[in-house]
Amino acid sequence: MHILRSQQFSRELLEEIFRRADIFEQMLRDPSSHERMRRRLAGKTAINLFYTESLRTRISFGFAERNLGMRIDGSENAGQFSSLYPEYRYRGESLEDTIQTVTSYFFIPNSGCIVLRHPDDGAAERAARVSPIPIINAGDGRGQHPTQSFIDVGAINRKFGRVDDLTIVIGGDLAFGRTARSLAYLLSKFKNVRIIFVSPPELKMRSDVLSHLSEYGIVFTEHETVEDVLPDADVVYWTRAQREKSGGDIHYEDISRRYCINAAMMRGMKEDAILLHPLPRNDEIHPEVDSDPRAWYFKQTAYSVPMRMAILELAMDANPRAQSLAEAA
Ligand code: NCD
């Protein structure tokens, strides 16, 4: 199945993915189970097509694919091309043509998948329309980054043993940050979650997400001042200024100063709250915060390999239980 956006997943399916990721994590820590793990997707091929910069997502997908025994190919043009260029084309070719070309090399159905990062919103959906093999969205412009939000919600679930009944602050550049969007969409699957958005007015969460939350009965509020909302939070999810995606219209200097979390602000947070960030961090979380036990962003990254293994298995139909839940999603 294609993995394109957070809305696709039912709560049951998510729980199955979290369970699977936990099993993979235990297996990763035990060298005697590595051989068994590598048989899961042995002989399948992952094509990693990264049209724009990626460090964490690309490398952690690579680890996940190798751990499952997949062969790996692809192309990475990280940083060479501006993600502002509206219709980035590889040597003049449309995304649709590239996908149809690459997938023609697969002679057996379900013998591989494509992990795609692209600068255009909706690129993964476009690729999926012409692809006979699963497309996994690894970030499409200002659209979504669903696999990151699995990691984020997985981290929340790990800390609290649940996602229901929590107050979650999502802050920073909400207009251009795709991880914040995918996270909000994914949180709509849980019960009695309260979301507090914090951003400057020009970087507010866009209306598609807000209408979705209203439709799913998720209570949310919007604020501009960070200090006002931190004391209420069980989870603070912070994001960087997406300078490269905003088209130069936003004056980020002042915003970065006002939306920076420092040690003094952490004092206003609950003792057992956690601070998450998808990374990369710029200056929106002061390094002095790193030693605070509530700073969970590096624990969060450690979760990305087992989580992406579970996602790859789902995409490749290698987890029948997840597959049966996916049908119902
Ligand atoms: C994010 C992304 O690419 O959207 N990074 C990531 O995958 N962890 C967040 C960002 O770039 O700010």
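Helix α6 (residues 146-160) lies across β5 (167-171), β8 (235-238) and β9, and runs at about 170° to β9. Helices (H or I, at least four residues) and strands (E, at least two) are DSSP runs, numbered from the N terminus. Contact means heavy atoms within 4.5 Å, and axes are lines fitted to C-alpha atoms, for helices over the stretch in contact, with angles from 0 to 180 degrees between N-to-C directions. The model is predicted, so to speak of a local feature requires pLDDT of at least 70 and a side-chain atom pair counts only at pLDDT 80 or more, while totals for chains, interfaces and linings use all residues. Residues are numbered from 1 along each chain as its sequence is written, and side-chain values use heavy atoms, with hydrogens and water left out.

Helix α8 (residues 207-215) also packs on this sheet, where it touches β6 and β7; its direction makes about 145° with that of β7. The sheet itself is open and has five strands in the order β7-β6-β5-β8-β9, with parallel pairing. Because β7 (219-223) and β9 (274-276) stand at the edges with a single partner strand each, one side of each is left without a neighbour in the sheet. From one strand to the next, the twist averages 20°. Two strands are said to pair if DSSP finds at least two bridges between them; strand β6 (residues 194-198) is joined to β7 by five bridges, and the two run parallel. Within this pair, F197 stands opposite E222 in β7. In general, strands of a sheet pair through backbone hydrogen bonds, either parallel or antiparallel.

A second open sheet has four strands in the order β2-β1-β3-β4, and its pairing is parallel. Its edges are β2 (71-76) and β4 (135-140); each has a single partner strand, so one side of each lacks a neighbour in the sheet. Here the twist averages 10° from one strand to the next. Strand β3 (residues 112-118) runs parallel to β4 and is joined to it by four bridges. The bridge partner of L116 in β4 is N137. Helix α4 (residues 95-103) lies across β1 (45-50), β3 and β4, running at about 155° to β3.

The ligand comes next. Around the ligand are R56, T57, R117, H145, Q148, R178, T179, R240, Q242, P278, L279 and P280, where a residue is near if one of its heavy atoms lies within 4 Å. This shell divides into three nonpolar, five polar and four charged residues. In that grouping, Ala, Val, Leu, Ile, Met, Phe, Trp, Tyr, Cys and Pro count as nonpolar, Asp, Glu, Lys and Arg as charged, and the others, Gly among them, as polar.

Polar contacts are pairs of N or O atoms within 3.5 Å. A polar side-chain atom of R240 lies 2.6 Å from an oxygen atom of the ligand. An N or O atom in the side chain of H145 is 2.8 Å from a ligand oxygen atom, and a polar side-chain atom of Q148 lies 3.3 Å from a ligand nitrogen atom. Taken alone, the ligand exposes 310 Å², of which the protein buries 95%; such areas come from the Shrake-Rupley method with a 1.4 Å probe. The elements that give two or more residues to the shell are α3 (56-67) and α7 (178-187).

Two backbone details remain. A cis peptide bond, with omega about 10°, joins L279 and P280, and P280 lies in the loop between β9 and α12 (297-302). N192, in the loop between α7 and β6, has a positive phi near 55°. Most residues other than glycine have a negative phi, and most peptide bonds are trans.

Key
A polar contact is a pair of N or O atoms within 3.5 Å; within protein, one must be able to donate a hydrogen and the other to accept it, and residues adjacent in sequence count only if both atoms are side-chain atoms.
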